[in-house]
Amino acid sequence: MKVELLPALTDNYMYLLIDEETKEAAIVDPVEPQKVVEAVKKHGVKLTTVLTTHHHWDHAGGNEKMVKLVSGLKVYGGDSRVGALNHKVTHYNTFKVGSLNVKCLFTPCHTSGHICYFVTKESSSEPPAVFTGDTLFIAGCGKFFEGTADEMYKALIEILGRLPPETRVYCGHEYTINNLKFARHVEPRNDAIKKKLAWAKDKYDKGEPTIPSTIAEEFTYNPFMRVREKSVQEHAGHTDPVATMGSIRKEKDNFRVPKN
């Protein structure tokens with residue numbers, strides 16, 4: 001399994017997922033289709049599949065053009081608002097991209113039809129991958145545009161949080177530094193946050209992406225994955241994880257990011 005990061009727009013990521021065994025490929029959220037066509041050529045692979053995480057234009061807005069540029073594409077998504085959709089999926093639907101297994105995880109909240117895609121390869125030693133769109137970011141989560149704190153809790157803790165800890169997390173945007181600055185505000189004494197922030201700033205200065213993280217790492221520095229921790233609950237003034245989730249999301253929506 002090979003994942004090529006394709007930066008798009010100002011801070012989006014598209015991902016070219018390649019099955020090295022069959023040279024079959026899928027593209028996650030191809031908002032800039034021409035870039036996708038070039039990457040497909042460069043790798044000499046056959047693009048068969050579009051994996052759409054949600055209907056927002058900066059993720060699904062390239063689908064109509066993508067299917068014109070490459071014929072016969074299977075376009076997966078969990079929401080009828082997704083452009084060019086021809087395979088509507090829901091929780092735990094599975095399919096293949098070459099020899100790779102893809103499992104759909106229904107994570108409504110940011111949008112009511114949001115899907116994350118969990119990808120594994122049988123009898124392989126390499127870690128699985130999950131494409132989380134705007135549900136889980138490195139050290140953050142998406143805004144609750146069409147859902148509730150309870151839904152985001154289920155998505156992050158009960159669905160994504162139960163994936164194998166070594167699973168690589170490929171999210172929809174490069175928001176890592178700002179997310180970690182908020183995380184530091186929530187837990188000023190958390191060393192994992194300080195280390196990750198210094199690392200992320202270094203990557204940014206070099207013009208390199210901060211993607212991927214792992215599920216295990218997220219539990220150490222992502223406040224939205226840490227809503228069961230006393231330190232996060234004390235900051236929020238709640239003892240209930242779901243109430244904590246709602247409280248820190250509301251706080252982050254109005255958070256003024258410091259310069260350093």
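These are my notebook entries on a predicted model.

**Ground rules.** Residue numbers run from 1 along each chain as its sequence is written, and side-chain values use heavy atoms, with hydrogens and water left out. Because this is a predicted model, local features need pLDDT of at least 70 and side-chain atom pairs count only at pLDDT 80 or more, while totals for chains, interfaces and linings use all residues.

**Entry 1, the open sheet.** I looked up the strand order first. Helices (H or I, at least four residues) and strands (E, at least two) are DSSP runs, numbered from the N terminus. An open sheet of 6 strands goes E7-E8-E9-E10-E13-E14, with mixed pairing; two strands pair if DSSP finds at least two bridges between them. Its edge strands are E7 (94-97) and E14 (213-214), each pairing on one side only. I then checked E9 (residues 115-121) against E10 (residues 129-133): they pair in the antiparallel sense over 3 bridges. Tyr117 has Phe131 in E10 as its bridge partner.

**Entry 2, E3 and E4.** Strand E3 (residues 24-28) runs parallel to E4, and 5 bridges join them. Val28 stands opposite Leu51 in E4. I also checked burial, where buried means under 20% relative accessible area, exposed over 50% and partly exposed in between (1.4 Å probe, protein chains only). In E4 (residues 46-51), 5 of the 6 residues are buried.

E10 gives the most, with 3 residues.

I listed ring pairs next: rings of Phe, Tyr and Trp (its six-membered ring) pair if their centres lie within 6.5 Å, with planes under 30 degrees apart counted as stacked, over 60 as edge-to-face and the rest as tilted. The count comes to 8 aromatic pairs. Phe137 and Tyr175 are edge-to-face, because their ring centres are 4.9 Å apart and their planes are at 65°. This pair links distant parts of the chain, 38 residues apart: Phe137 is in strand E11, Tyr175 in the loop between E13 (168-171) and helix H5 (176-186). Phe137 is buried at 4% relative accessibility, whereas Tyr175 is partly exposed at 31%.

My rule here puts NZ of Lys or CZ of Arg within 6 Å of the ring centre and within 35 degrees of the ring normal. Lys103 lies over the face of Tyr92 at 4.7 Å from the ring centre.

I noted the buried residues of H4 (residues 149-159), among them Met152, Tyr153, Leu156 and Ile157. What covers the buried residues, by contact (heavy atoms within 4.5 Å), includes E8 (100-106), E11 (136-137), E12 (140-141), helix H7 (215-221) and helix H9 (241-253).
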